[in-house]
Amino acid sequence: MKDIGPFRGTKVIAFEDDGKKNGYAFFGANGRGKTSIYNAMKWCLWGEVKTRVRASRGSKISGRRRPIVGNSDENILMNREAYENDKIQSMSVIILAENDNGEIQITREVVSKTTLPRSDDELREELTVVFGDESTSDKSRAQELIEKFFPRELQQFFFIDGEALEEYTEMMEKDSTLGLKEEIESVLRIPSMTRGIKNLENIRKKTKASIAIAKNNSKNFSQHENDLISKNKELASLNQEITSLDVRIDGIKSKIATIHEQMEENKEMLILFRQMEEYETQLSSAEVQLKRSSEQRVDSFKDKAWKVMIWKRVRAIYDECESQVDAANSVDFQIKNLNIQIKKSEKEIGEMNDICSYCDQKIPDLEKYIQKKKDDIKNNKIRLKKIQEESVLSIDELKMKIGKIIAMKPGRTDEERIGKSEEYWKSDIRKVKNLKEKIEKLQGKITSESKDLMGELGKDLGIKEANLRKLQIDKENLSSKCPSIINEIKKLELKLGNNKPDSSSEFNMDMIIGKLIVTMKDTMENYREQARSLVEENASEVFMQVTNAPATFAGIKLDKEFRAQILLKSGRIATAPSSGMKSMMTISIIDALRRVSTLNAPIFFDTPGRSLDEPHKIAQLNYFWRLDHDSQFLIFAHSGEYKIDTTINEFGDRIVSAWELTFPGDHKKCLKCNSENIMHSKKQNRANCLECEYNWDTSEENTIITEIKI
Amino acid sequence: MGSESDLLETVFFDYGRKNNLSEKLLREVFDLLIDTQFIPEGEREHIEAQLKKIIKNHI
């Protein structure tokens, strides 16, 4: 251990066991560090040291955690000098232990994170445990390994505090359900069952939840399974229908092929037949066209054709009339002109003088001139008469005639249109006639049997091809449904997975857990009573060994709540036992519990003789330091409890090692040469060895551990 | 050290056998629970896992 309590620097204490003796003892006055060694081990094991447990009205009041560092008024765990003077404060304890499970090394250390830590929060704690091949600094795991060796819950049964024995005794006597019952149940390992039951109940709860889920999954699985079966059936049915269609399609294709073969056999006939079919088709079309052109022809002839035909004859008359009109117009002009000339000439003759009316010159030969005029009149009249005699019809008559003729005149394009209609009609007529002729010729070449055969084959082929097409469409429709069904099947298969939900393992697990819980509850119920009886028996056995009045007492009586009383030989309960007797009762019960619990740890007993009288002190050491005792037994005794010399003399043959804890100022001998020739200077707080001249500070309160020679 | 025979173990095995549980299962469960009896309730998840594993192995 290093820098803990009054121990400055590193101190090593070896508790090696020779396998025969089991006694160890620390002796020291108050404040020399007996309890600090005891606490150093507790701190190393569980990381904390608590102030003493107190009893109040039979109930346990837990101790307060002691600080590692703190103010001067606090009882800190760290060595005060180290805390106040070291640059980096630290405290550490290493425990090496061995039992049937193997060896364990536990190292716990705190190091300051600041120059002067004012609270434990300013310390960094490290814990390392090496157990067998395992080495861990994980605090949780390390603590778990420690608990296997030194269970914290059982510490009262191997770290026994003599100063607390009175409180323990009070707790064991009082009628209280609190008291030490919890600790006693712990030492009897009842928590293994209670905690185990809780663990199993948790597992069972989860298992039941799994079963419920599995049931639900199973239900869903069955539903999916049914859906899958249904979909598979649907798909199978579709495939069957498709296969059936395929068969029918193949059959029809085969028949069509046969028809084609038959047709191929009548290839020449087929050509003719096809040719005739083509002609017939063309004829049908041509007849339709002819009908149309006939209608157009009739339509174009209607109210027009007669005009065209008549006009061809009347046109000449019309033209004659027109020319006659022109001639009549000319005659009329001539008549009028001749009349004007005659009148003019007559007038000229009547008014004639010898002056020329044209040139206003004197006419040389007037008579001759008049005669000439008269001749002109005469000639003009002759011409007039002749013209009048020649004209047949008048202009008006002619115009009336022309009007009648014009009513018969066709439209400008009528003739052309009629002509074209006629032309088309004739062309269609020709086409129809030609086709009919061709068909007649082909009919001559095709026999009626062949015609019938080809007709039947063609008809059959048509029906079959129509059926084939219908079946192919049906197949396509059915095939188009398949992908969605296959997709649904895949989805269902995916949901179902590879394994059917099986909750049988959960059922079995639930059953086993149930049996284990029943086993553990029955165990607890019966073990508690059996253990009580066994503890009572063991405690009585111990008590009878440590009591100074074995003739008076019969043992210890423990009730169901582990309340203890001393039993007299008479069978009655001791009503007023001494405090020493009560302490021995408590120690007896503690050791009995430790034995029944199979707890395999050394016993550390601080101030073991505090409340005992001399005979009981001796009886106690006689019991625990006996050669056949199965545990190491360490006492941390005040000089007043057990005298060093007396104890060594009395029990030297049972003690493996013993140490004295002192301050430098306690020493009457030289720390170096062990000479008694010492000179103390109280004023200077120093001691000087007159033999070897070694001197030391007697005011220091750092404990020196000195092994006692046995 | 300890008592010559372990009473708790004896009682536990007696009742376990009465409930038709195998010796091997009882041994594994008992050893685990004894080894971990002082681990507080809030830190026992891994113990539950181990218990579950032990029981599963015996189905």
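**View 1. Helix 6 and helix 13 of chain A pack at an angle of about 160°, with their axes 9 Å apart.** That angle makes helix 6 of chain A roughly antiparallel to helix 13 of chain A, because angles over 145 degrees count as roughly antiparallel, under 35 as roughly parallel, 65 to 115 as roughly perpendicular and the rest as oblique. Axes are lines fitted to C-alpha atoms, for helices over the stretch in contact, and angles run from 0 to 180 degrees between N-to-C directions. Helices (H or I, at least four residues) and strands (E, at least two) are DSSP runs numbered from the N terminus. The model is predicted: local features need pLDDT of at least 70, side-chain atom pairs count only at pLDDT 80 or more, and totals for chains, interfaces and linings use all residues. Residues are numbered from 1 along each chain as its sequence is written, while chains are lettered from A and ligands numbered from 1 in the order in which they are written. The contact of helix 6 of chain A with helix 13 of chain A is made up of 14 nonpolar, four polar and seven charged residues. Here Ala, Val, Leu, Ile, Met, Phe, Trp, Tyr, Cys and Pro count as nonpolar, Asp, Glu, Lys and Arg as charged, and the others, Gly among them, as polar.

**View 2. L235(A) is a residue of helix 6 of chain A.** L235(A) is partly exposed, with 16 other C-beta atoms within 10 Å; 20 or more would count as buried and 12 or fewer as exposed, with C-beta atoms placed from the backbone. Leaving aside neighbours within four places in sequence, L235(A) is in contact with C482(A), I485(A), I486(A) and I489(A). Two residues are in contact if their C-beta atoms, placed from the backbone, lie within 7 Å. From C-alpha to C-alpha, L235(A) and I489(A) are 9.2 Å apart in space, although 254 residues apart in sequence.

**View 3. Chain A meets chain B through 40 residues of chain A and 30 residues of chain B.** On the chain A side, two or more residues each come from helix 3 (139–149), helix 6 (190–265), helix 13 (504–546) and helix 14 (579–597). Helix 13 of chain A gives the most, with 16 residues. The side of chain A that touches chain B divides into 14 nonpolar, 14 polar and twelve charged residues.

**View 4. An open sheet of six strands in chain A has the order 10-13-14-3-15-19, with mixed pairing.** Two strands pair if DSSP finds at least two bridges between them. Strand 10 (159–161) and strand 19 (704–707) of chain A are the edge strands, each pairing on one side only. Within the sheet, strand 13 (residues 603–606) and strand 14 (residues 633–638) of chain A run parallel and are joined by four bridges. F604(A) stands opposite L634(A) in strand 14 of chain A.

**View 5. An open sheet of three strands in chain A has the order 16-17-18, with antiparallel pairing.** Its edge strands are strand 16 (678–681) and strand 18 (695–697) of chain A. Neighbouring strands of this sheet are turned by 15° against each other on average, direction ignored. Strand 16 and strand 17 (residues 686–689) of chain A pair over four bridges, and H680(A) stands opposite A687(A) in strand 17 of chain A.

**View 6. A hairpin joins strand 6 of chain A to strand 7 of chain A through two residues.** Strand 6 (residues 90–99) and strand 7 (residues 102–112) of chain A pair in the antiparallel sense over ten bridges. The bridge partner of S92(A) is E109(A) in strand 7 of chain A.
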